[in-house]
Amino acid sequence: MVTRITQLPTLRIDPAQKVVFDYKGKDYAGFKGDTIATALYHNGVKIFGRSLKYHRPRGLYSLDGECSNTCMEVDGIPNVRTENTLLKQGMKVKEQNVKGSAENDMMGFIDKLDFMMPAGFYYRTMHKPAVLWPVAMKQIRKAAGIGTISPDFEMPGRFEQIFPSADVVVIGGGPAGMNAALAAADKGLRVVIMESRPWLGGFFDYRTVDYRDSEYKKNKQLYIRAKELASKVESHSGIRVFKHASVVGTYTNNLVTGFQIGGEKDNFTERYIEIRAKSVVVAAGCIERPLLFENNERPGVMQVGCVHRLARTYGIIAGERAVFSVGHDLGLEAAIDLFDLGMKILCVADVREDGQNPYLMIELAKRNILLLKGWVVSEAHGSKRVKGVTMTTLDGTISRDFECDLVAASAGFTPINGHLTLAHAKLRYDSHTNFFVADTMPERTYSAGRMLGLEDSLSIEVSGMLAGLKAALECKKFYDAGICKTSDGVANSQESINQLSSEIDTVTAKLKELPGTARGSKFVNAPVKGRKSFICFDEDTTIKNIKQAVEMGFDVPELIKRFTSAGTGPGQGGIPGHNLPLYVAKYTAAKNSSSGSHPKPTNVRPPLVPTFISTYAGRKHIMMKRTPMDQMQRADGGVFRKIGVWERARYFSNDFSCKKEIENVRNNVGMLDGSTLGKFRIHGPDALKALQRVYVSDMSKVKAGRIKYSAMCNDDGCVIDDGVVIKLGENDYYFTTSTARAGSTIEWIRYHTRFDGWDFYLVNLTDSMGVINLSGPNARKVLQKVISQDNDASIQDVSNEAFPFSGYREFMIKNTIPVKAMRLGFVGELSYELHVPSSYMVSLWNMVKEAGKEFNIQNFGVEAQNVLRMEKCHIILGQESEQRTNLLDLGLGFLWDRTKKDAKTIGAAALRHAENDPTRFRLVGFKMEDNGRAPNDGALIVDDKVRGYVCTARDSFTLNEAVGMALVESHLAEIGTRLAIFEDECKGELIYGKVVPMPFYDPDGRRMKS
Amino acid sequence: MVEIKRYSPVSFKASPKRTEIRDNFTVVLEYEGEGQQPFDPSNSKDNYIVDLSHITRFDVQSSNLDDITPFGIKIPQGLCESYLQDSVLINRMNRVQASIFCLPVKKDESSKECQFDFQCSCDSDCKCDPKKSSAYTETTEVGMCMAIFGKNTFSITEKLTSLDFLDPVKKTPFLYQGPMSHIPCQIITLSRDGAKSGIIFTASRGYGKDMTHAIMDAGAEFGLKPAGEDRFKSWAGSL
Amino acid sequence: MSLTITCPVCGKRDGYEFRFGGEDKGPRPEEDSLTPQTWCEYVHLNKSVAGVQKEWWVHKDGCGSWFTIYRNTVMNVEVQESEACR
Amino acid sequence: MFGKYKPMWGEKTQLKSSYDVVIIGGGLHSLATAYFLAKEHGITDVAIIEKNYIGFGGAGRNTAIVRANQRTQYNVPLYKEALDLWPVLTKELDYNLMFNNCGNLNLMHSEAAMKAARMTIATAQFHGVESHLIDAKEAKELVPALNISEDITYPIHGAMFHPPGGVVRHDAVVWGLARGAAKHGVEIHQQTEAIAINTSNGKIVSVETSRGSISTNKVLISAGGYSAGLIYKMLGIKLPISVLTIQAMVTQPVKPLLNHVVSSGAYHCYANQTLKGEIATGAHMDHWPNYTTQTTAHYIKHQAEALSEFLPCLRGLRFMRIWAGLADMTPDMAPILDGNDQIEGFYFNCGWGYFGFKSCTASGKYMAQFMADGEAPDMIKPFNLKRYEQHKLMGETAELVSYTPNN
């Protein structure tokens, strides 16, 4: 148990509120505001898990999740970064990747076998002899991975998504970000600020040194200044604050994505956030650069900020006897502050020979803290946790050992550049700050604060203000150039732009007077061999591994990353991101004895913070279309399937052969809901021209009162759609398309006429009309009954003479329901298609059903229709056609009018080119030999090669034999040709069919046409 | 005997309190538990959704839209601008196309209900009466139509679409043609004024059920409630 | 990357509201003029420019307009026509 | 135990002024072609010219999935041979390519898809490639994490199970082939950009690079997604290719969860577990041409939505990294392997779409033969460019050609 300081003004825990949780089956308690890791640390847990490859013990190192050291399983969820996950009542916490326990891991011996595992060793081992590999692979798989997830795991919680609109997004809720937000919001813009920690304040939040703004002069401490800024931001009506919200992606055109973790009062566990801003300010701050020395990840080695924040934010003094090895003034500041909070500090090594802040030197001296300038920690001792360290001078000539249980180690800082590079900023290494800095910024994006290399508190704030103003100016310019000049919300006059520009000049000048970028600490690695100096903790990649990779010819950091895996673990490159390129540059320079190449940063990839799949998914609603008959058909026992964008009744019983449905259509009468058919009106002076372009037939021949069946092709001459066209008036047509094409028909027609400048107008009426397909020998009788009720005598006549095949009529049912009726015959029977306004569909359906009762009217579904039309050899596009078949191959050449060349009909040229090619596929009908069963759809037609395939084949109840249609090479298309059919799982046993004339059912069309 | 009835593609999990049969639609005027009556749109903390799928709508297309005057009203010139006059809402969709919504309005007000009262004096080549001119197509049945209004209107929409309803460049009422819950919609923002904020939108009729579900789910945290047409009238009347 | 496209009717919108309609190859050729080669060129062949190209788009989730834009295929961003000449 | 660390593909050398063969692009198809040219045909005076570093493009950004269950008879034998070559090459190159033949499970979400699968399966079986249609329950037994309930957008009806397929460590193939080719004398020149190809009287004469001119009379462009643009830029030959950006991503690593590759056309999604334990999963692509390898917010979200439905336990995992590569798509989803036709000595190998990884070994083998003989071997003859103007699309996809690249 570590004693807690419970009285500090900077604390973010509430010691009055206990939170009980379960760790490995036992109850532990932390405080409200604790992270899981701080609560565990408070309870004396120092080893959180074991490393991926060597099973080395790992402890708390940073507090922002830059490595997987504190990843644990929480409530069944693996790889939870406990160091920045808030503790909740009742949480169940477990260690990962251990055999036994994290404290005593039976796999720990692997740490000694590192000599067997140089960089890329997998590639050079375990494949000789070949039988070894499958065995080895199983072991590798078991050893890999860190956490465990069960295949039936159900993610608890509610995940939401929002797409807030904003003008400016500020990334980072520290002093620079808050200033940027205030500056932009004060100009009347809509600002969103996103901060990954649960509070605003950032770099100021835990620091008690004085804020040196001359305007205040009140000896104010930084954390107080942070609170002041936070309250301004949170109360500003123009600023929307997302706390506990990490940005995970930044993209071109100022798109920012992230997610927020829900608090107690929120109705979400996490929510995905996506914002299309007009300008972005990145003020993401810095993380610490790990110091490279032997055993630099031993539990007890922590980053300076981690030690400092543990004390100031969580009230935890991380060790009894501490040694510091730092490279910057903040390290010295932390040592002083921690000393004052009661930490025993044996020494502070600073890699810098000089340049320390004199004030801090005096304060150290006042406290008798030993400062070793030009020294660095070279090795941590202790097998499971730090028991001591060796400190050396930078050249390694003098060394000193200290016994200690805490090493606060930090080589310096490195900016969090991911938000910039993801949005295409190009980085350059700056030798003054020793930062990678953005050379070219993404459009309308500005950065501010510490990531620029600023350390002075006022400079940081002013840089934020400047970035906020610049962002505001971009937005103003955007609105000023807006397509609509009807702005009322924002004053966009040139005047306000000028005013803003001059304000920017003033602030720029002010910033110039303030301290500029600080000199950063140079890249240092302790004078050791680096066998266990880890450049990447997640992947156990050592300095030695990097050297090996370079020797083998990998000279680009990005490739070394691939070869050694460094930076590819759950820490998202946080640990090696800076050190890897620097080390590679240094090592290759030394190797080639050149003066040094420029460090090239490795790629950063989204998500910048590991993000739950459930969070990205947010609230995904299944969006399907339903016909007006949906509920009723379900009540009638319809078995529904999602077909394209629609929910459709495919069957009306669990007999998927649909025998009853089929027989009832053939013998009595059936009704099918065809509402999904595409339906359109085209009108305007050039409507006919447009139809001539897209349909293969001569559409000038469409007659009033008649329907015209035709097809649309693509430029390859493949049929993309078929349907009927009805002439409603001069240059006014109603036409139907297949269900699949309904959504793209308008787009298609407009595309193919886009250069012509024709005046025609299209209206998609698909959803506005329900369609009843009334089919079967009794269909006429049913229709007669439905319409006889009120139409006048001339309309009432639906005899074959008055309403023949291919006829079109309009009725009013009960003087109320307008119906467009077409005499068609897709299923091969006497058949009517009734188009009715969708809202009336249920009523008309019920009327038809009632009228049909005496004729045993029944529902039939899409599959029954499929079989019925197959017997009649009517094709379904996509089923009897594909990429390799054109209009002619399908036997639909009769639709094509070759005389209308001026129409530049789509597909016509291709049809002309291909029509004499003897090697094409042909659609044929076949029946099975010797009363054999039907082959599976998709079976192949073969000889020694594949010669075609079966499109649709069924054992026909109507014909009492097995029939089908197939696409075959044209030399097999002649009537009487024997087809050898190869089915899946046939084990070489072929079955045979014979090409027969089409259609199989009612070949002379008497049933359909009379 | 089958009773002739028209059905909306939208239905709410709420019990109608008062209904009215109109043109064979059963129009809900008020649902149980809708909240305070009479409704004061400018001072309400609640958020409502109203099914307006029964209202008459038209599509009008012409290469010369300036000539076309639906119900005698000029079509707005600016692309994606809307114009609301009495009960007629006209939305300029593109260079050659506009949509027209005939909104229900308060009976007791002097404003006319366009679709019933409109008298056209043209004898031939009519450009103002949708029933006479071939430039118009009735689209009532093409889409569902709903209104969402209340102070959290845009907190609800931001969960469903990235369209920027609060874009300061836009002036209400204005039209968005864009996706909501992944479905292409026409969305007209009628007001962005605090508690009076609200939109009307249409989308393909077939999506009625799933769209309703998506909106109710998004609106749950803001207490989004189904309301009857009367509440819509009070709101629309206050604009 | 995150493409936005400026629709001549609806303004600047998210790229996913649109559908790509191919490199601009000019007006549809006369049917009689087409040989298999010129047909193939018009229908199938592309320049696949790594740089700025003129291309067709339709605002499928919006107003339904077809229009051309200039886009830099290396950066996947819409650019001004003036930049296309560079 | 491992001896001295030596550069795997030779020390950096000067670019010579002439080579027998110049190969533009340092990806898998180039490396494989070079390897087979040198090993099988004794043509060792070969330079590979790579603008960035070997494996920079699709070679290092692909699904790593291998399989041989293509749709049509021209493709199946080629992919079968490619699949059979992994263990052979592991031995030959003495480099562990880590072939994990865990089998592929291609999910079917409708009756229509089951029918389509039958045709593909029959084609595979006809050519001696193991592939079976299984129902949803059997699929669930193989992959317990599958959600076979009805309440998802695309309920699972069954799957095409292809046991010989699996996953190969893609980087290993790059490095192994590079090492193998270099051993046989092939020179690999990284950071070297091909700028122009010079012809004379319809014959190749030289290649201009950023490091000088090379005279040669045989050039191969097999630069993956960059091929189409380069071929047009350097030689004015247009191709029926749309270069699209395709994305893939991984979750944080977990202990074994998926023992097979799972893919779904309806969800535009595949998922498999790498040897490191990450769930590698890939996506649909933007259907407009691009040379960018930047990722989008749209697809990582789309992927999460899809996985949430059919592999719902993955909701508890976090995405860690997303990246993108290029796929050069043809209208019929089959590649174009052609050459020595329009321009003597000029060969090209492109249009692999997202099948470039699984095919690279066989493609390299036959392109090497093609370049050695000057005449296309029967195996790759059908993949000529002429087929497009002859209206003889190959049918690797059933989808009809539209104005938008299909994928």
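A residue is called buried if 20 or more other C-beta atoms lie within 10 Å of its own, exposed if 12 or fewer do, and partly exposed in between, with the C-beta atoms placed from the backbone. Helices (H or I, at least four residues) and strands (E, at least two) are DSSP runs, numbered from the N terminus.

Before going on, a word about what you are looking at. This is a predicted model, in which local features need pLDDT of at least 70, side-chain atom pairs count only at pLDDT 80 or more, and totals for chains, interfaces and linings use all residues. Residues are numbered from 1 along each chain as its sequence is written, while chains are lettered from A and ligands numbered from 1 in the order in which they are written.

Now back to E18(A) and its partners. Two strands pair if DSSP finds at least two bridges between them. E18(A) runs parallel to strand E19 (residues 344-350) of chain A, and six bridges join them. Within this pairing, Arg321(A) stands opposite Lys344(A). To get from E18(A) to E19(A), the chain passes through helix H7 (residues 329-340) of chain A in a right-handed β-α-β crossover. Right-handed here means that, with the strands pointing away from the viewer, the path from the first strand over the helix to the second runs clockwise. E18(A) is also joined by four bridges to strand E24 (residues 406-409) of chain A, again in parallel, and there Ala322(A) has Leu406(A) as its bridge partner.

Elsewhere in chain A, Ile77(A) sits in strand E6 (residues 77-81). Ile77(A) is buried, with 22 other C-beta atoms within 10 Å. Ile77(A) and Phe153(A) are 76 residues apart in sequence, yet 8.6 Å apart in space, C-alpha to C-alpha.

Asn253(A) has a positive phi, near 60°, and lies in the loop between strand E12 (245-251) and strand E13 (255-261). Lys987(A) has a positive phi too, near 55°. Asn253(A) is buried, with 22 other C-beta atoms within 10 Å, whereas Lys987(A) counts as exposed, with 6 C-beta neighbours inside 10 Å.

Let us move to chain D, which has eight helices and 19 strands. Its radius of gyration is 21 Å, close to the 22 Å that the globule rule gives for 407 residues, so chain D is as compact as a globular protein of that length. This radius is taken over C-alpha atoms, and the globule rule is 2.2 Å times the number of residues to the power 0.38. Buried residues make up 67% of the 407 residues in chain D.

Chain D is divided into domain 1 (21-62 + 171-240 + 332-388) and domain 2 (104-163 + 242-329), with bounds from an automatic or database domain assignment. Their centres are 30 Å apart, taken over C-alpha atoms. Two residues are in contact if their C-beta atoms, placed from the backbone, lie within 7 Å. By that rule, 14 residues of domain 1 of chain D touch 10 residues of domain 2 of chain D.

Finally, how do the two chains meet? The contact takes 81 residues from chain A and 76 residues from chain D. Two bridges join strand E31 (residues 611-612) of chain A to strand E17 (residues 318-329) of chain D, and these strands run antiparallel. Here Thr611(A) stands opposite Phe319(D).
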